Structure formats: C-alpha cells, structure tokens
Number of protein chains: 2
Amino acid sequence: MKKQPIGVFDSGLGGLTILDALRRELPREDLIYFGDTANVPYGSKSKVAVTKFSLAIGRFLQSQGVKLIVVACNTASAQALPQLRRQLSVPVMGVIEPGAEKAARTTRNGHIAVLGTEGTVKSGAYVKALLKRRPQARVFQQACPLFVPLVEENWTAKPAAELIAREYLAPVCQSGADTVILGCTHYPVLKPVLAKILGPQITLVDSASAVAEAVQRFLTRRGQAAAGGRGRVTVFASDDPARFKRLAASLLAEQIATVKLKKLDL
Amino acid sequence: MKKQPIGVFDSGLGGLTILDALRRELPREDLIYFGDTANVPYGSKSKVAVTKFSLAIGRFLQSQGVKLIVVACNTASAQALPQLRRQLSVPVMGVIEPGAEKAARTTRNGHIAVLGTEGTVKSGAYVKALLKRRPQARVFQQACPLFVPLVEENWTAKPAAELIAREYLAPVCQSGADTVILGCTHYPVLKPVLAKILGPQITLVDSASAVAEAVQRFLTRRGQAAAGGRGRVTVFASDDPARFKRLAASLLAEQIATVKLKKLDL
C-alpha cells in the first residue's frame, strides 16, 4: 500500500498547483495526475456533466492502483464528491474541506469571501463547510468565470487580467471580508494580481498547502506513507498532451518529462 | 424535401449569429440548432476531439431528418468537414468557404487578416481557401483564444474586452491588411469593439450573411427551398439548457421558446 501512487485530477491545468504542493510536502510519493483537457472548463457546466467526467477519471485512476484520489478541482469537489465516494472503492479527498478549515482558522472578523467558478458558487459547498466550522461567519461568494480561461491561456501577467480581476473584486472589497478563499485551483496563479487589488489587510487562502497537509495526515494515520527515495510523477491529459505540457511549464516548479494521452470512457 | 428542416450546429452560443442570419434571409425554413455546451470550447481542443464531437452532432441532426447541415463553427469547419462529408449522407456546408469568398471579393490591396481560435489558425483553412481564390493574396493570421470566453460570459461591452482586443489586434493593425475576417462565429458579437480599434479604413468580414446567401443559393438550385409560412426554430444544447437560453437572449434578435437537453452519444 505504501508504494502505491496517489491519484490527482482536475479539469485541466489548475490542479497542477495542488500537484506542486503535494510534490513539495510529500516528495517520496508517486503521483499520477490527470488533466481533463478534453472537457475543460468544468466551472460553467452542469452538475450532471461534471459528475460524469469525474467518475470516468476516478475509475481510470482506480485502475492505475492508486491508494488515494485527490480531487484537485473545486468544481468537481463541490459537485461530484458524494458520487465519487459512493462509486469508488479507494478513499477520495476534495479540496473544499481543507480550504474552508484553513479560512475558518484565519479570519479574525468572521467575514470570509469565496472566489470560485459558477458551478462552485452555485453549489454553496464553501458556505456549508465554513458555517459548519464557524456558525456565526458571514460568507460572501463571487463567481469569476473568466479567471480559468486567463490561466489556461497563460495571460495572468497581462493588463487584461488586472482589469478583469478589479471588476470581480470590487464587491469583495466592499464585503468587509478579511479573508478571501481562492476557491478554484487555477486561481493561485493569479495571486500577485489579486493581492495587489485586495491590499495587505486581506489574507488570501488557497487550498494547495492545506490539501497537502491533509493528505500527509491521512497517509500517516493509516501507515500508508511512502518510505525512502524520490517519487515519480506521471501525467495524463484527455486531449492534446503536447499543448498541456507546454502550458504546464508555467505552473509547475518541476518539469514534466512526458504527458500521455488518455481518452476517457464516458 | 422542401419541408425538412436545416440543421445548424456550433460548440456553444456563437453559431447563433449564423442562425440569426439564416432566420433573416430564409424566414420560411424550419431550423434546428444544436449548441454543444457540454464540450465548449472547441478552439483549444485537438482535431481528433473536435471531429468526434462534430460527428456525434451530425448523426443526431441527420436522425432529425434535416435536408442540409450548416457547420456554424469555424473550428469544426476547419477541422472536421471532410470527415462529416464522408460519414453523413446529407449535404454539409461549412462557414470558411463563404467567408473566404466574401473577403477575397472585398480586399482592395490583397492583404487579408484572419482572426480565429487556436484550432482554426493552426489548420490554415482560411489561408488555403483565400489563396485558392487570390493566389497573390497576403494572409496574416491571429489566434484570439480569449474572445470565446468573453462572448460566452456576455462580457463584450466591458472595458476588459477592449483591452484584450487591443492586445490581439496590435499585430493585425501593423500587417497592412485592409480586410479582416472574423473567423469564428462568436466574434461578430465583438464587432463594435473590433471596429473601434481597427478604424474605418479596415473592412470587417463575418461569414453569417455569406453563409445565409450560400444556403439560399444551394436550396434554390436543388428546388428544396421551403414555401409559404414562417418556419420554426428548435434548439438543443448538450448541457445546461437553462443557462444556454438565458445567454442566447443577448445574441439573437428573436426569443427562443425552449432549449431542449440532448446529450451526445460520443
């Protein structure tokens, strides 16, 4: 069990921010990443569609012998987690609970804002997870549908990114929140722009390090953590692996050797 | 045959600009529109994926008894037209040939620029179609990957749209082109912004009216044009029909009564 890999999946490139954190925190683990580039983006699609994609990926990762699946996509975590847990035999961890946990510990005034895709915001998953931990919290949600295309196109340093972010963040600045959750695994790439607009008095919370810590606790508790040596990273994409590899370079500290094509059985 | 509907499809909302033109030019025809909202966008996906989506839609429209299929998506026209023609028994018309025809007639200095998705630009389909008509033409291509998300999010009137357009169009302005093809059915929605940036000396060519005229000629020649009465419009979307209907309102002159959900058999 210790030697089995951890499976990680996302709609596309964004989940690489989680892969990066896992690689840093758990360098001994073998990791299998699946980017569903044939179906990206998930954020504007229905719960039925997102669940179907997620289950197909979950089944594939399970067939690769993983010991744990990390859903490194907030939309899929918000919409498909119960189904994944019901239909797969390996444990499945989402990104919302660890992120909400961290934000609930971070806020001082109890006002928290959540940035996410349309699907994540509509699900209310962060609101539920936050109120479970801090029933008095005030939660403000803001959908930011253009952030994913900006990241997927590697345009985050362009002036357009800041202009778009200013539009989305205006109501967030007015909400009184002292803590802002980056509720989409693509958003950490936009951190410099977001931090500039929100200012130093607001804390940005992303779930990457929180998820990595949760994975570490989970494996240690079960006695399943890999021992010795440096783990390998294997990357699959459901469409255009060459494009994925090229764009991944801007999101990962480490270079990916090859990206394999794996079409989903939907 | 005269009473059979015309099938029209696109990756999402953009093809409604073609539907709108068909409705205006051929008000007697019954039209069936299919928006592949489960798989949008096509522009950043591989030829294999775009062909698979297009064939599944083509088979569905054929099962609805259409007399002609209009591929109202430049990426699908550029990448999947030969396969569609090979595998379907109804005639299939793309948007690239009519658009190239119009641009070749419009240009005065023989310099033409094409704006399109990554997929359309990579295919070189417009370059081929233009050089067939004007072998001496100079063709400049520019991929504009963020335009589709801007339109799909209904953000075309926001300042970010202009900023993004200025970035994409800078090399177009320097290319010496006097004619610019809007080589994606989403782009006509951005016409006011694009015209402002390019100035009055550059002519914008979109394929919507050119396609409608080509369809009219085709049906007349075959004696298949509908006679009398006002045709009906039926709309299908492969995901989240309610969202599709809401966003379609900004693209169509006419209101859509209902949008039906139809999942593709891939």
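## Second largest cavity

The second largest cavity holds about 140 Å³ of space. Of the 14 residues lining this cavity, those closest to its centre are A:Ala38, A:Ser238, A:Lys263, A:Leu264 and B:Lys52. By class, its lining has seven nonpolar, three polar and four charged residues. The structure described here is a predicted model.

## Largest cavity

A search of the whole structure finds five cavities of 30 Å³ or more. The largest of them contains about 710 Å³ of space. Its lining numbers 50 residues, and A:Val40, A:Pro41, A:Pro149, B:Val40 and B:Pro41 are the closest to its centre.

Elements giving two or more residues to this lining are helix 3 (74–87), helix 7 (147–152) and helix 11 (241–248) of chain A, together with helix 7 and helix 11 of chain B. The lining of the largest cavity comprises 22 nonpolar, 13 polar and 15 charged residues.

## Interface of chain B and chain A

Chain B and chain A each bring 31 residues to the contact. About 2,500 Å² is buried between the two chains, with carbon and sulfur atoms giving 58% of that area.

Four salt bridges are counted between chain B and chain A. In a salt bridge between B:Glu167 and A:Lys158, the N to O distance is 2.6 Å. Across the interface, 10 residue pairs are in polar contact.

On the side of chain B that touches chain A, the elements with two or more residues are helix 2 (47–63), helix 5 (118–123), helix 7 (147–152), helix 8 (159–174) and helix 11 (241–248) of chain B. Helix 8 of chain B gives the largest share, six residues. This side has 16 nonpolar, four polar and 11 charged residues.

Terms used
Residues numbered from 1 in each chain as written. Chains lettered and ligands numbered in written order. Predicted model: local features only at pLDDT ≥ 70, side-chain atom pairs only at ≥ 80, totals over all residues. Heavy atoms only, no water. Contact = heavy atoms within 4.5 Å. Buried area = accessible area lost by both parts, 1.4 Å probe. Salt bridge = Lys/Arg side-chain N within 4 Å of Asp/Glu carboxyl O. Polar contact = N/O pair within 3.5 Å; in protein donor to acceptor, adjacent residues only side chain to side chain. Helix = DSSP H or I, 4+ residues; strand = E, 2+ residues; numbered from the N terminus. Nonpolar A, V, L, I, M, F, W, Y, C, P; charged D, E, K, R; others polar. 1 Å grid on protein atoms, 1.4 Å probe; cavity = no way out; pocket = protein on both sides within 12 Å on 5 of 7 lines; lining within 4 Å. Points joined across faces, edges and corners; volume = space filled by probe spheres on them.
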